[in-house]
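Hi everyone, thanks for coming. Please have a look at the sequence and the structure while I talk.

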Amino acid sequence: MTALSLGLKKMRPQLGAVLVVLQALMLLALNGPARASDPVKGEVKVFKDNGYARLEFRFDEAVPATVRLNFPIIVVTFKKPVAVAVERLNENAPGYISAARIDPDGTAIRIALTKKMKVHSIPAAERLYVDLLPEPWAGVMPGLPQEVIEELSNRAREAERKLHRQRLVAKERKPPTIRVKVASQPTFIRY
């Protein structure tokens with residue numbers, strides 16, 4: 001037997017223990033806490049009102065998004081992967097959407113339109129509103145629902161109150177007192 005094979009025979013019990021530890025670490029890594037690549041969960045609802053359709057995306061956290069129209073496709077691109085069921089959008093808005101799908105990596109949703117339309121989008125915290133307007137639409141673009149405006153203003157007021165409280169607490173904290181001895185000489189003073 002060679003020295004290498006003798007060394008491996010002696011280390012066999014330790015190698016088994018090392019393999020068990022490595023397997024346990026791999027299982028923890030796979031089933032561990034959420035990673036940055038985990039998609040943000042969300043949902044989409046369709047509302048048809050006043051001659052246009054509105055897609056309301058709601059997510060568990062704020063996700064920056066951009067909306068592009070390249071007729072007949074709308075592409076909604078997200079900065080983070082998202083998990084949204086979009087397969088039934090065409091059933092909920094049959095006169096507007098013919099098909100919808102999410103990219104495999106979850107960073108974009110592609111929506112096929114049934115006819116030429118204008119697209120208007122409004123991000124609002126954890127929500128994104130995408131309005132599908134008829135092409136001859138004239139006038140003011142639809143705005144946020146009143147309850148969303150009220151919720152956002154309440155959040156802003158609460159954040160302002162917290163900031164004000166933090167500033168008051170910071171002002172109330174006095175710097176610690178330090179004892180200093182002073183020595184005075186004819187040409188200088190030493191602290």
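I'll go through the overall layout, then the sheet, the core and the charged pairs.

A word on sources: this is a predicted model, where local features need pLDDT of at least 70, side-chain atom pairs count only at pLDDT 80 or more, and totals for chains, interfaces and linings use all residues. Residues are numbered from 1 along each chain as its sequence is written, and side-chain values use heavy atoms, with hydrogens and water left out.

Let's start with the layout. The chain has three helices and 11 strands; helices here are DSSP runs of H or I with at least four residues, strands are runs of E with at least two, and numbering starts at the N terminus. Reading from the N terminus, the order is α-β-β-β-β-β-α-β-β-β-β-α-β-β. Of the 191 residues, 24% count as buried, where buried means under 20% relative accessible area, exposed over 50%, and partly exposed in between (1.4 Å probe, protein chains only).

Now the sheet. Five strands make an open sheet with mixed pairing, in the order S5-S1-S2-S9-S8; two strands pair if DSSP finds at least two bridges between them. At the edges stand S5 (82-83) and S8 (117-124), each with a single partner strand, so one side of each has no neighbour in the sheet. S1 and S5 run parallel and are joined by two bridges. Valine 40 has valine 82 in S5 as its bridge partner.

On to the core. Which residues touch the most other members of the largest nonpolar core? They are Leu55, Phe57, Leu89, Ile111 and Leu132, out of 26 residues in that core. By nonpolar core I mean a set of buried Ala, Val, Leu, Ile, Met, Phe, Trp, Tyr and Cys residues joined through side-chain atoms within 4.5 Å. Strands supplying at least two core residues each include S1 (40-49), S4 (73-78) and S9 (127-134), while the largest share, four residues, comes from S2. Leaving out residues up to four places away in sequence, leucine 132 touches several residues, among them Tyr52, Ile74, Leu113 and Val119; a contact means heavy atoms within 4.5 Å. As background, nonpolar side chains in soluble globular proteins tend to be buried together.

Finally, the charges. The whole structure holds 11 salt bridges, each a side-chain nitrogen of Lys or Arg within 4 Å of a carboxyl oxygen of Asp or Glu. In one of them, lysine 80 pairs with glutamate 61, with the closest N and O atoms 2.4 Å apart. Lysine 80 sits in the loop between S4 and S5, and glutamate 61 in the loop between S2 and S3 (65-70), so this pair ties together parts that are 19 residues apart in sequence. Lysine 80 is partly exposed at 32% relative accessibility, and glutamate 61 is partly exposed at 36%.

Aspartate 103 has a salt bridge with arginine 101, closest N and O atoms 2.9 Å apart, and one with arginine 110, again 2.9 Å. Is aspartate 103 buried or exposed? Aspartate 103 is buried, with a relative accessible area of 11%. Elsewhere, salt bridges with shared partners join Glu126, Arg127, Glu151 and Arg155 into one network.

Arginine 127 lies in strand S9 and counts as buried at 15% relative accessibility. Beyond its neighbours within four places in sequence, arginine 127 is in contact with residues including Glu56, Phe57 and Val148.
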